[in-house]
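Here is a friendly walk through one protein chain, written for someone who likes to look at side chains. Please keep the sequence and the 3D view open while you read.

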Amino acid sequence: AQKRFLRAFRKNRTLLLCSGVGVGKTHVLAFAAFRLAWLNPGVTGLVVSHILSHVRTEIVPRIIALLRESGLYAGETRMDRVIHLTNGGSIQYGSADRPDSLDGKNAAWLLGDEIRYWPRSSYDTAAARVRQRGAPYPLKAFCYTPELNWMFDEFADTNARTVIPASPLEN
């Protein structure tokens with residue numbers, strides 16, 4: 001499932017990894033942030049999850065570990081929720097339960113985890129932040145478990161989005 005998700009990356013695409021527990025959605029999302037940081041030097045990316053503690057404890061440490069290993073990590077400003085990169089870019093992070101953590105940020109790419117817990121307004125705000133020009137590889141990608149709620153309307157049009165289904169059996 002993770003390989004299918006990463007192989008589906010295309011410029012200007014919106015991806016949705018839909019799978020049950022244990023497939024590694026959060027892990028592949030952290031790797032995707034690392035990959036997009038490399039593909040988009042000099043611009044900002046945005047990583048969002050349902051609550052800030054999930055971003056800070058589960059996603060950001062994984063991203064930083066990958067960035068450090070590659071030499072792309074230049075530091076972090078936790079107060080501003082920004083990871084600085086040696087290629088002139090940055091990765092901002094926020095949470096859907098704190099929409100103010102998403103306001104005012106301009107990004108070239110967006111990754112979202114656990115979006116089934118997001119209010120629709122937080123999705124709209126985060127998606128609207130993807131407007132920074134100059135990214136060689138702009139992309140929006142999200143991970144969630146199969147309960148669709150408001151997401152059905154957003155992701156039902158498969159011409160505009162790519163949905164990658166995965167089973168927990170793939171774990």
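## Aromatic pairs

Phe 34 has 14% relative accessibility, so Phe 34 counts as buried; the word means under 20% relative accessible area, while exposed means over 50% and partly exposed is in between (1.4 Å probe, protein chains only). With 30% relative accessibility, Phe 31 counts as partly exposed. Before going further, please note that this is a predicted model, in which local features need pLDDT of at least 70 and side-chain atom pairs count only at pLDDT 80 or more, whereas totals for chains, interfaces and linings use all residues. Residues are numbered from 1 along each chain as its sequence is written, and side-chain values use heavy atoms, with hydrogens and water left out.

Phe 31 and Phe 34 both sit in helix α2 (residues 25-39), three residues apart, which is about one turn of the helix. Helices (H or I, at least four residues) and strands (E, at least two) are DSSP runs numbered from the N terminus.

How many aromatic pairs does the count come to? The count is three aromatic pairs, where rings of Phe, Tyr and Trp (its six-membered ring) pair if their centres lie within 6.5 Å; planes under 30 degrees apart count as stacked, over 60 as edge-to-face and the rest as tilted. The ring centres of Phe 31 and Phe 34 are 5.7 Å apart and their planes stand at 55°, so this pair is tilted.

The rings of Trp 118 and Phe 142 have their centres 6.2 Å apart and their planes at 85°, so the pair is edge-to-face. Trp 118 lies in the loop between β6 and α4, and Phe 142 in strand β7 (residues 139-144), so the pair ties together parts that are 24 residues apart in sequence. Trp 118 and Phe 142 are both buried. Ring pairs also bring in Tyr 123, linking Trp 118, Tyr 123 and Phe 142 into a cluster.

## Salt bridges

A salt bridge here is a side-chain nitrogen of Lys or Arg within 4 Å of a carboxyl oxygen of Asp or Glu. By this rule there are two salt bridges, listed below.

| Salt bridge | Closest N and O atoms | Helix |
|---|---|---|
| Arg 62 and Glu 58 | 3.4 Å | α3 (residues 52-70) |
| Asp 124 and Arg 120 | 3.1 Å | α4 (residues 120-128) |

In helix α3, Arg 62 and Glu 58 are four residues apart, about one turn of the helix. Arg 62 counts as partly exposed because its relative accessibility is 32%, and Glu 58 counts as partly exposed at 33%.

In helix α4, Asp 124 and Arg 120 are likewise four residues apart, about one turn of the helix. Asp 124 is partly exposed at 37% relative accessibility, and Arg 120 is partly exposed at 31%.

## Strands and their partners

Is strand β2 covered or open on its two faces? Both faces are covered: Thr 44, Leu 46 and Val 48 on one side, and Gly 45, Val 47 and Ser 49 on the other, are all buried. Strand β2 spans residues 44-49, and six of its six residues are buried.

Two strands pair if DSSP finds at least two bridges between them. Strand β2 runs parallel to strand β5 (residues 90-95), joined by six bridges, and Val 48 stands opposite Gly 94 in β5. Strand β2 also runs parallel to strand β6 (residues 109-112), with four bridges; here Val 47 stands opposite Leu 111.

Strand β3 (residues 73-77) and strand β4 (residues 82-85) run antiparallel and are joined by four bridges. Gly 75 stands opposite His 84 in β4. The two strands β3 and β4 form a hairpin with four residues between them, and Arg 81 in the turn has a positive phi of about 55°.

## Buried residues make up 53% of the 171 residues in the chain. Taking contact to mean heavy atoms within 4.5 Å, 72% of the contacts between residues at least 6 apart in sequence join residues at least 24 apart. The chain exposes about 7,800 Å², and carbon and sulfur atoms supply 50% of it; accessible areas come from the Shrake-Rupley method with a 1.4 Å probe, and for residues only the protein chains shown count as cover.
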